[in-house]
Amino acid sequence: MSGEFKTCKTYLAQWGWLLKPDQPIKVEFQILLKDVVILHRMFDEKAAEKGGELKEFISSLQGSGNQYSLNYQRALQWGSAIYEQPTESGLPMAYASGLTTLASLEATVKRGLSRGVIFRDIDYDIHLNSQATTLMTFFVPTKRISYGIVQDRVYTAHSPDTFIIGVNIARRNLRLQINETIQ
């Protein structure tokens with residue numbers, strides 16, 4: 001502590017004012033993509049010490065080596081609709097439809113430099129699963145019964161492929177190669 005702070009602390013103590021003890025330092029950060037948290041970390045003061053996890057985390061961000069992996073999943077609701085109206089007889093009727101998709105991407109990215117060509121070798125596996133539902137229901141309120149018909153459809157797609165891109169800046173050359181895996 002500096003001399004001035006000790007003097008100030010002494011005067012405050014003489015007047016009956018007590019200083020709060022040092023509060024622990026906490027650091028938190030989030031990375032968001034389209035308002036969705038994709039990375040969240042929280043560190044305290046012990047993490048900043050030698051050999052702490054903060055230094056390990058920063059070094060992992062700076063140098064991820066020549067190979068790294070990706071694993072992303074997204075669920076999308078493309079839309080849904082509900083429509084209710086009484087029929088000509090006065091009984092209520094409802095129509096509803098909706099479509100939801102789950103996309104999953106797993107990839108291994110290898111990067112490098114070979115004979116002046118900067119390249120990325122991306123080995124990826126994409127899974128798409130969609131479910132669509134359509135239904136129409138008629139209600140009989142006096143009997144508490146409903147009669148309906150539902151159509152439920154599930155669509156799936158799977159595409160494991162390899163994509164290679166290379167750029168030779170000196171020759172102004174771009175090379176693309178897609179290797180499809182036939183199943």
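Tutor: Before we start, helices (H or I, at least four residues) and strands (E, at least two) are DSSP runs, numbered from the N terminus. The model is a predicted one, in which local features need pLDDT of at least 70 and side-chain atom pairs count only at pLDDT 80 or more, while totals for chains, interfaces and linings use all residues. Residues are numbered from 1 along each chain as its sequence is written, and side-chain values use heavy atoms, with hydrogens and water left out.

Student: OK, which strand gives the most to the lining of the largest pocket?

Tutor: That is strand 6, which contributes five residues. A pocket here is an open set of points on a 1 Å grid over the protein atoms alone, where a 1.4 Å probe fits and protein lies on both sides within 12 Å along at least five of seven lines, and a lining residue has an atom within 4 Å of a point.

Student: And how many residues line the largest pocket in total?

Tutor: The lining has 13 residues, and Ser114, Val117, Phe119, Gly166 and Arg175 are those nearest the centre of the pocket. Two or more lining residues come from each of strand 5 (117–140), strand 6 (145–168) and strand 7.

Student: New topic: how do strand 1 and strand 2 run?

Tutor: Strand 1 (residues 26–33) and strand 2 (residues 36–44) run antiparallel and are joined by eight bridges. Lysine 26 has aspartate 44 as its bridge partner in strand 2. Pairing requires that DSSP finds at least two bridges between two strands.

Student: What sits in the turn of that hairpin?

Tutor: Two residues lie between strand 1 and strand 2 in the hairpin, and lysine 34 in the turn has a positive phi of about 55°.
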